[in-house]
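This report walks through one protein model.

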Amino acid sequence: AALNDGLRSQVSAALKEGRVTPTELCQRCLALIKSTKFLNAYITVAEETALKQAEEAEERYKRGQPLGILDGIPIAVKDNFNTAGIETTCASNMLKGYISPYNATVVQKLLDQGAVLLGKTNLDEFAMGSGSTDGVFGPVRNPWSYSKQYKEKSVPKSHSEDEESNWVITGGSSGGSAAAVSSFTCFAALGSDTGGSTRNPAAHCGVVGLKPTYGLISRHGLIPLVNSMDVPGILTRCVDDAAVLLGSLAGHDPKDSTTIQDGFKPFELPNLTDVSKLSIGIPKEYHAPGLSSEILALWSKAADLFKNAGAKVVEVSLPHTPYSIVCYHVLCTAEVASNMARFDGLEYGHRSAMKDSTESMYAATRREGFNDVVRGRILSGNYFLLKQNYEKYFVKAQKVRRLIANDFVKVFRSGVDILLTPTTLSDAAPYTEFIQEDNRTRSAQDDILTQAANMAGLPAINVPTALSERGLPVGLQFIGRSFQEKQLLTVAKWFEKQVQFPVIQLEEVKRHDTDVFQHQKSASFS
């Protein structure tokens, strides 16, 4: 039952009181990883290392000297964060077998506080995608595909259609981390968020996904996609736990010049009882083409929830939102082209056996190492950065980005505290349907509601809100003011308490591990 408890209020207390040991907790999670192997959530499971870390945590608890709330807590990390001694692949042939000599700052901070690193989670190759379907290790399956809630609602189109072809995607690119948290194999996981890669899978997997303000958490050791937008993301099963992780990770890092200079004071979230002083903005541009009627209705219902509780709910305008996807495409591919230049087969990663010339070795290495999606983005980016195109595309996109950021500044200056929007256009698509369209088209559609927050560097969080008619999770997004994470998370916690999102009933795993899952009314396990 401990697997479904909150970190601060219950699990940490259970560890301190000796009701459960870090080793027992770790073994339970490792057993669950094995029994949910079909989800393909993990690329590498560091069983030996994890058990050793759990034993060390146990010793500290026996001495009555735990390092803090996270001591002995099993966590997972997306496989684009460097981990010393554990393979870091970015789900690409280019880095298969690569073992980093150092830990990413966020990984080191978690280990310094006693967290137990279970392994590295699956993703789209180099985090380029919105389905977690394009990595070299295969697609991640959404745990909700095997839930009682989904199975009761989904009727196979034909008798021959079985659950093998009926499973739905996790969203991406941090789909492995979202699936790992959703299926109870860990208490929290790190993702990365460049255009929605933490919030999108969080929405599809029914978990909390937090993208902090740009610069609040160090990017050192996160293999870059788009340096000016990348942020380490946090995935947990409730808002309180996201606040715990944020408190552990935030703050200045001398190894990342883009982090804030000031220290960060961890906070405990208050229980908000009065929302009458809040002003909630509803951006009309987020009523985007392709938004399902179901999510639109849920969005309206959530706005009414705030209104009926006494909050001021106002419609606002972010006029440059419709240009953000095109602008993002230009800036993203330009930075990708620059970042991917480091993978040349010389210093680390894959090297082709081609020996005709240095140039042919470079070309063959990159052709063999990267998939079509990565190569396509490199080509686009280099095109936009050509001398004759630089002003026309790259500079113009930077100017539009400034306008998008200014839209948010104006809205927050007008007195709005928090923006409420959908996170995704619909619930999770079946895998067979999702792969009908190419990665470029899918990413453009799926990032439309999340990606403007990255352009503006603002904090945003997905809160699981309800189940769709198909029995799949649907989430809503809250966007806050820059560095106002405490306010954002406090409002998100209040909302989470009101909606009482149902806990996943994982039929498939129950057969393997009957005593793990307790039927509870709410997934907000704090």
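## Terms and model

Angles under 35 degrees count as roughly parallel, over 145 as roughly antiparallel, 65 to 115 as roughly perpendicular, and the rest as oblique. Axes are lines fitted to C-alpha atoms, for helices over the stretch in contact, and angles run from 0 to 180 degrees between N-to-C directions. Helices (H or I, at least four residues) and strands (E, at least two) are DSSP runs, numbered from the N terminus.

The model is predicted: local features need pLDDT of at least 70, side-chain atom pairs count only at pLDDT 80 or more, and totals for chains, interfaces and linings use all residues. Residues are numbered from 1 along each chain as its sequence is written, and side-chain values use heavy atoms, with hydrogens and water left out.

## Overall fold

The protein chain holds 19 helices and 11 strands. Its C-alpha atoms fill a box of roughly 65 × 60 × 55 Å along the principal axes.

The radius of gyration is taken over C-alpha atoms, and the globule rule is 2.2 Å times the number of residues to the power 0.38. For 526 residues, a compact globule would have a value near 24 Å; the protein chain has 22 Å, which agrees.

## The sheet

Strands of a sheet pair through backbone hydrogen bonds, either parallel or antiparallel. Here, two strands pair if DSSP finds at least two bridges between them. An open sheet of 11 strands runs in the order E1-E3-E2-E4-E6-E5-E10-E11-E9-E7-E8, with mixed pairing. Strand E1 (42–45) and strand E8 (312–316) are the edge strands, each pairing on one side only. From one strand to the next, the twist averages 30°.

Strand E7 (residues 279–283) pairs with E8 in the parallel sense over five bridges. Ser279 stands opposite Lys312 in E8. Helix H10 (residues 293–308) lies across E7, E8, strand E9 (418–422), strand E10 (460–467) and strand E11 (473–479), and runs at about 155° to E9. Helix H18 (residues 485–499) also packs on the sheet, touching strand E5 (208–211), E9, E10 and E11. The direction of H18 makes about 5° with that of E10.

## H2 and H3

The axes of helix H2 (residues 22–35) and helix H3 (residues 47–62) come within 8 Å and cross at roughly 155°. That makes H2 roughly antiparallel to H3. The crossing is right-handed. A crossing is left-handed if the near helix is turned anticlockwise from the far one by less than a right angle, and right-handed if clockwise.

Contact means heavy atoms within 4.5 Å. From H2, the contact residues include Cys26 and Leu30; from H3, they include Leu51 and Tyr61. The contact divides into eight nonpolar, two polar and four charged residues. Ala, Val, Leu, Ile, Met, Phe, Trp, Tyr, Cys and Pro count as nonpolar, Asp, Glu, Lys and Arg as charged, and the others, Gly among them, as polar.

## H4 and H9

How do helix H4 (residues 105–112) and helix H9 (residues 239–249) cross, and at what angle? Their axes come within 9 Å and cross at roughly 105°. H4 and H9 are therefore roughly perpendicular to each other. Val106, Lys109 and Leu110 of H4 meet Leu245, Ser248 and Leu249 of H9. This contact has four nonpolar, one polar and one charged residue.

## H11 and H14

Helix H11 (residues 324–339) and helix H14 (residues 390–413) have axes that come within 9 Å and cross at roughly 130°. They are therefore oblique to each other. H11 passes H14 in a left-handed crossing.
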